Amino acid sequence: MKKIHVIASAVALTATLSTNAFAGATLDAVKKKGFVQCGVSIGLPGFSNADEKGNWSGLDVDVCRAVAAALFADANMVKYTPLTAKERFTALQSGEIDMLSRNTTWTLTRDSSLGLNFAGVNYYDGQGFMVTKKLGVKSALELDGASFCIQAGTTTELNLADYFRSNNMKYTPVTFDTSDETVKAFDAGRCDALTSDQSQLYALRIKLGNPDGATVLPEVISKEPLGPVTAQGDDEWYKIVRWSLFAMVNAEEMGITSGNVDAKMSSDDPNVRRLLGQEGIKGSGLGLADGWAANIIKQVGNYGESFERNVGQGSSLKIARGQNALWNKGGLQYAPPIR
């Protein structure tokens, strides 16, 4: 009898933990207020940047818009909170924002000790270096003794220290709180080089007085998987954010775009039909309307559309797909199936 009692107690405990895992307040709060409060960069072209009218756009912004489209059938139901690298995690932990989509690297420390959940990777990146062409440097290995402009509160600082230590070189860090301060200091000649994620280097280069006078060196010294983040404690909300991104990636793989999504509704392909809510689990598994993914694709576009529009060939950054191509086209972008 004692053994049976222990087993029954364990089952009850498991059920309680399972229920509590889905009992977070974030999703309910988002539904009640009617919009998603999304933490973004204070201004990084191609990723999250506001124009002179206050309209936000970028690869990270599109993730916020996708979540709003999935939940409210309206991608515009988002309010943006610009955050520095130092502020971003506190804002999420405190509930000031519902989600963070701000070129944030997925690391063990952030995933295990800050009360955060990374929902996926919307940009595979790596840390690099930018120098002025007049410096005459062709490789980061020629930068022994150089000074570096760095944004504080990022993985950049440790990566730089590790790289110089492993190559037995010395450097002088010059740190700033924001990316704008960092690039302005570099432009003013306060440091020899600027180091950050390569995507950010391309975004910051167009802010220079003479963008053609600077070059990004070939070395990539780290892995920087960037993606949206939620606070722990609300599995329902976390899964909506995660699958909103996955829907965009799956849509590109299936050839579904913002322009043809309506026509694809009559497709005979079962994978397409499941993604667009025509059959299968539809939206019930996420607590969403059946057309949640179709709303994302129609209003935001698939992942490829978002990439090209914001950072690819249709943008001022002109970044090649590279690692961010789909898995079946030589890249790393891969999403679990909708079934």
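**Entry 1, ground rules.** I am working with a predicted model, in which local features need pLDDT of at least 70 and side-chain atom pairs count only at pLDDT 80 or more, while totals for chains, interfaces and linings use all residues. Residues are numbered from 1 along each chain as its sequence is written, and side-chain values use heavy atoms, with hydrogens and water left out.

I placed Asn 324 in the segment after α13 (303–310), with helices (H or I, at least four residues) and strands (E, at least two) being DSSP runs numbered from the N terminus. Asn 324 has 2% relative accessibility and therefore counts as buried; buried means under 20% relative accessible area, exposed over 50%, and partly exposed in between, with a 1.4 Å probe and protein chains only. Leaving aside neighbours within four places in sequence, I listed the contacts of Asn 324 (heavy atoms within 4.5 Å) as Asn 122, Tyr 123, Tyr 124, Tyr 303, Phe 307 and Gln 333.

I found two disulfides, each defined as a pair of cysteine sulfur atoms within 2.5 Å, and with bonded cysteines counted along the chain they follow the pattern 1-2, 3-4.

In one of them Cys 38 is joined to Cys 64, S to S 2.0 Å. This pair links distant parts of the chain, 26 residues apart, with Cys 38 in strand β1 (residues 36–41) and Cys 64 in helix α3 (residues 59–72). The torsion about the S-S bond of Cys 38 and Cys 64 is about -45°, so I noted this disulfide as left-handed, and both cysteines are buried.

Cys 149 and Cys 191 form a disulfide with sulfur atoms 2.0 Å apart. Here too distant parts of the chain are linked, Cys 149 in strand β9 (residues 146–151) and Cys 191 in the loop between α7 (179–187) and β11 (193–197), 42 residues apart. The link of Cys 149 and Cys 191 is left-handed, with -105° about the S-S bond; Cys 149 is buried at 0% relative accessibility, and Cys 191 is buried at 6%.

Five of the five residues of β11 are buried, so I recorded the strand as largely enclosed by the rest of the structure. Two strands pair if DSSP finds at least two bridges between them: β8 (residues 127–132) runs antiparallel to β11 with five bridges, whereas β9 and β11 run parallel with two. I checked individual partners as well, and in β11 Asp 197 is the bridge partner of Gln 127, while Leu 194 is that of Cys 149. In the loop between α7 and β11 I also looked up Gly 189, which counts as exposed at 57% relative accessibility.

I counted 13 helices and 14 strands in the chain, and 50% of its 339 residues count as buried. Among contacts between residues at least 6 apart in sequence, 70% join residues at least 24 apart.
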